[in-house]
Structures are given as structure tokens and as C-alpha cells.
Amino acid sequence: HLDHGDSFELCKDCIDNGFTSVMIDCSSKPFEENIEITRKVVEYAHAHNPYVTVEAELGTLAGVEDEVKVEFGKSSYTNPNDVEEFVKRTGVDSLAIAIGTSHGAFKFKPEQCTRDPKTGVLCPPPLRFDILEEVSKRLPGFPIVLHGSSSVNQEYVDIINAHGGKLIDAVGVPEEQLRQAARLAVCKINIDSDLRLAMT
């Protein structure tokens, strides 16, 4: 699987070299350009035998993942009014949406969070389940994906810091919110930082 491919050429190269699924991420581009490039990737992928599946993204997540970099404050939520048209016009197989997750171990700035008075742990703002619910109504049964959804296990953070790391205020998405997202419509949750923390 190619994650966050940022051009038709990159997706084509991966498909030509045997990838069975690709993600084209043109979420930072204007809506019509996102549709145009995504449709081109879908047409190329679906013409192959075996059939290659394509994931795309609407809305932008803050943080850094592969070649995609979005500054905090420049992310945008998915507009539910766009999802039906996007899926219909592109023919995409699954859709990543933005409901408040972000890439990397530092998903939220401390000023976005509240601190639990009992534990002292930073608690991130809740995900926008209203957007997820509306997308689910407009695309019933369609595969929805969440990127940047690591919980950032504080046990790993503590171990890393105890051995010379400097992960200060690394805050992830609470696991109960991820479980709620999975119950609503999300069929794939991309966890990034928990794996990297474990490897560290």
C-alpha cells in the first residue's frame, strides 16, 4: 500500500511495480483539482488486473506524514456536503476524512488541551463526531478512514524519556474516541506514532 501519494505519477509508478492499493492525497489542493487527480489515479488503478484499490482524502490533517506537511492552524475539517459528489465523481474505493486527528506524536499543542486535575495528563480536544456522523449518513456503508489516529501510549513516552528522550507533551487521541469512531463508520484507522514510539 502506498500511503499519502502526492501525485498521479507516484501512484502510477507504484501500481506499475505491483502495489495492490494506493492512496492519492491531494487534500491540500482545491476541490476540483483533488477530484481531477484522484479520478485519474482511480481510472488507471481500476484498469489493472488484479484490480488496484484507491483511497483518497478530503479535508487536511495537521502534522507531517511521508511527503505531506500541514502546519498546525492550517488544517481543515472535511465538509460533509462535499463527500457524495467527491466519491461519485472520482469512483474512489475508500475515503480518509479529517475530524480532528493529526499526524505525528505531537498531535495537539498543549494550549489546545486541558490538563486532568487528578492525573496531570494532557487531554486533547474531542474529535468532531458530528462530522463523522453526517458523512456516514451521506455515504452509508462506504469505507471511511481516519489517519493520524494514534493514542500515543504514555507508558512508551515515559520509557523513552527515562532513557534520554525528550518527548514533552506528546498527546494522542484517547482510545475510547477511536472505539467510538469505529462503531460509527470507520473501517480503517491509521496509527502512526504508537508504532514509532514502540520502535524508539
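The structure holds two aromatic pairs, where rings of Phe, Tyr and Trp (its six-membered ring) pair if their centres lie within 6.5 Å, and planes under 30 degrees apart count as stacked, over 60 as edge-to-face and the rest as tilted. Phenylalanine 8 and tyrosine 44 form an edge-to-face pair, with 5.9 Å centre to centre and 85° between the planes. Phenylalanine 8 lies in helix α1 and tyrosine 44 in helix α2, so this pair ties together parts that are 36 residues apart in sequence. Helices (H or I, at least four residues) and strands (E, at least two) are DSSP runs, numbered from the N terminus. Phenylalanine 8 is buried, with a relative accessible area of 14%, and tyrosine 44 is partly exposed, at 23%; buried means under 20% relative accessible area, exposed over 50%, and partly exposed in between (1.4 Å probe, protein chains only).

The pair of phenylalanine 31 and phenylalanine 86 is tilted, with 6.2 Å centre to centre and 45° between the planes. This pair links distant parts of the chain, with phenylalanine 31 in helix α2 and phenylalanine 86 in helix α3 (residues 80-90), 55 residues apart. Phenylalanine 31 is partly exposed, with a relative accessible area of 22%, whereas phenylalanine 86 is buried, at 0%.

The model is predicted: local features need pLDDT of at least 70, side-chain atom pairs count only at pLDDT 80 or more, and totals for chains, interfaces and linings use all residues. Residues are numbered from 1 along each chain as its sequence is written, and side-chain values use heavy atoms, with hydrogens and water left out.

Charged side chains also lie over aromatic rings, the criterion being NZ of Lys or CZ of Arg within 6 Å of the ring centre and within 35 degrees of the ring normal. Lysine 40 lies over the face of phenylalanine 8, at 4.4 Å from the ring centre. Arginine 128 is placed over the face of tyrosine 77, at 4.9 Å from the ring centre.

The count of salt bridges comes to eight, a salt bridge being a side-chain nitrogen of Lys or Arg within 4 Å of a carboxyl oxygen of Asp or Glu. In one of them, aspartate 16 is joined to lysine 12, with the closest N and O atoms 2.9 Å apart. Both residues lie in helix α1 (residues 8-16), four residues apart, about one turn of the helix. Aspartate 16 is partly exposed at 40% relative accessibility, as is lysine 12 at 31%. Glutamate 175 and arginine 179 meet in a salt bridge at 3.8 Å, N to O. These two residues are four residues apart in helix α6 (residues 175-184), and are therefore separated by about one helical turn. Salt bridges that share partners join Glu32, Glu85 and Arg89 into one network.

A further salt bridge, at 2.9 Å (N to O), is formed by the side chains of glutamate 55 and lysine 188. This pair links distant parts of the chain, with glutamate 55 in strand β3 (residues 53-58) and lysine 188 in strand β10 (residues 186-189), 133 residues apart. Glutamate 55 is buried at 3% relative accessibility, and lysine 188 is partly exposed at 27%.

Five of the six residues of β3 are buried, so this strand is largely enclosed by the rest of the structure. Strand β2 (residues 21-24) pairs with β3 in the parallel sense over four bridges, where pairing requires that DSSP finds at least two bridges between two strands. Threonine 53 in β3 is the bridge partner of serine 21. Four bridges also join β3 to strand β6 (residues 94-97), and these strands run parallel. Leucine 95 in β6 is the bridge partner of alanine 56.
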